[in-house]
Amino acid sequence: MKKSDIRIIQFFNKSRNDKKLLKRFVKFHRELYRNNPHYVPLLDYEYLGFKLLGITGFFEPDNLFYKHAEITFFLAVDRDDQMLGRCCAFVNHRHNSHWGDRVGFFGHFESIDDPAVAEALINSSQEWLKEKGMDTIRGPQNLPVNEATPGLMTDGFDTRPIVYYHYNEPYYENLLIKCGLNPVKRVFSWEVPVMTPMEEKLERVANLVMKRKKVTVESWGQRSLDTRKEEMLSIYNDAWENNFGFVPFLKEEFDKIIDDMLLVMDKNLFVFVYVDGEPAGFFGGVPNIFECMQIGSFISKIELLRALKVILGAKRVKGFRFGYLGVKKKFRHMALDGVLIWYQKKYSQARGYRYCDIGWVLDDNDIVINTVKMMKDVKLSKTYTIFEKPISN
């Protein structure tokens, strides 16, 4: 397609007209992946909000994220106003303060297979970020930051859809490379069958650590909700502080995540470990509610009924996503991650789960990668790649 045939519509999330364009922005991914069985869309409410249910959308201006961030949106359309692509660009001031850099992000990138469309979107994002004083563009990074898996799916296109993982077309990688973006980091996930016999080495190590190191393990319900929130926030921010791209959670942000998670949570998938009585780490898994979210029937196409289906069906799903693991820095190299996984596997087998997805694991996280290798029949499932390039003056 000729560049002259592409028009970029830029908008924000403030006015009534912005809201109309945001609905169009959200609708496009459904159109693009309409016949793809590997794509499971989030609820529209998660993007746009639903006051009646008390849901604040990722894109709504009163989302807590915008207390420390700025965002703009882009639609790419042809001469007939038909959608060709979309993306957003944002500056996360807390990220730049934490890392001491000037990185701007693009996210929610979708495009037809046309380099001219991708270039128009990326260039528009880059120009806006440049105006904001940024010297680097990185992504894709979808919202919410710290929850949505970062990067572009670059392997695993035929694997099982898993909650919190986004799907994209295989040709996206080529589009971004043609835009001058280069890979800077990879993120892995593995699928592990739950019902395989307990790994002897894992069980032996777990029992040895608990015996020698004054280690105790608790389930979610052994302490109050407020205590659990405080422990998790403290551990998470300490454990992830130096991980690529991580931004420390604020208490109000973290509390909101936990409160939302309670709707579909299997509390017994969360395990807490203590060393001599001090909170040292936790492991958390969430049911793979994507099993309940496929769009294939009349009911599943109505968002309110689809949301109800998710809430009611969460207890019947066959797998879960292990996406929360944190061990405080001073307790690392004590094999506490092994203790947590061993304890949780005992529960998940008793509960009858069939599979577990272990991710999002950065390619330099040797501790978790080595722990995964101890498991039987583990299979690398998905790979996501984060891209960036300098913004020219």
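A pocket is an open set of grid points with protein on both sides within 12 Å along at least five of seven lines. All views show a predicted model.

**View 1. The second largest pocket and its lining.** The second largest pocket has a volume of about 620 Å³. Of the 31 residues lining this pocket, Asn243, Arg332, Asn365, Ile367 and Val368 are the closest to its centre. Two or more lining residues come from each of helix H7 (225–239), strand S11 (319–327), helix H10 (336–351), strand S12 (355–362) and helix H11 (366–373). Strand S11 gives the most, with six residues. By residue class, the lining of the second largest pocket divides into 17 nonpolar, seven polar and seven charged.

View 2. Leaving aside neighbours within four places in sequence, Leu336 is in contact with Val209, Val215, Val273, Val275, Ala280, Val327 and Phe331.

View 3. Lys132 is placed in the loop between H4 and strand S5 (136–139). Its relative accessible area is 36%, so Lys132 counts as partly exposed, a class that runs between the 20% limit for buried and the 50% limit for exposed. Not counting residues up to four places away in sequence, Lys132 touches Glu70 and Val91. With Glu70 there is a polar contact between the two side chains, at 2.9 Å. Gln344 is 212 residues from Lys132 in sequence, and the C-alpha atoms of the two are 45 Å apart in space.

**View 4. Thr136 in strand S5.** Thr136 lies in strand S5. Thr136 is classed as buried because its relative accessible area is 14%, and buried means under 20%. The side chain of Thr136 makes a polar contact with the side chain of Asp135, at 3.0 Å. Not counting residues up to four places away in sequence, Thr136 touches Arg102, Val103 and Gly104, and also Glu388, Lys389, Pro390 and Ile391.

How values were computed: Residues are numbered from 1 along each chain as its sequence is written. This is a predicted model: local features need pLDDT of at least 70, side-chain atom pairs count only at pLDDT 80 or more; totals for chains, interfaces and linings use all residues. Side-chain values use heavy atoms; hydrogens and water are left out. Contact means heavy atoms within 4.5 Å. Helices (H or I, at least four residues) and strands (E, at least two) are DSSP runs, numbered from the N terminus. Buried means under 20% relative accessible area, exposed over 50%, partly exposed in between (1.4 Å probe, protein chains only). A polar contact is a pair of N or O atoms within 3.5 Å; within protein, one must be able to donate a hydrogen and the other to accept it, and residues adjacent in sequence count only if both atoms are side-chain atoms. On a 1 Å grid over the protein atoms alone, a cavity is a set of points where a 1.4 Å probe fits but cannot get out, and a pocket is an open set with protein on both sides within 12 Å along at least five of seven lines; lining residues have an atom within 4 Å of a point. Grid points are joined across faces, edges and corners, and a volume is the space filled by probe spheres set on the points. Ala, Val, Leu, Ile, Met, Phe, Trp, Tyr, Cys and Pro count as nonpolar, Asp, Glu, Lys and Arg as charged, and the others, Gly among them, as polar.
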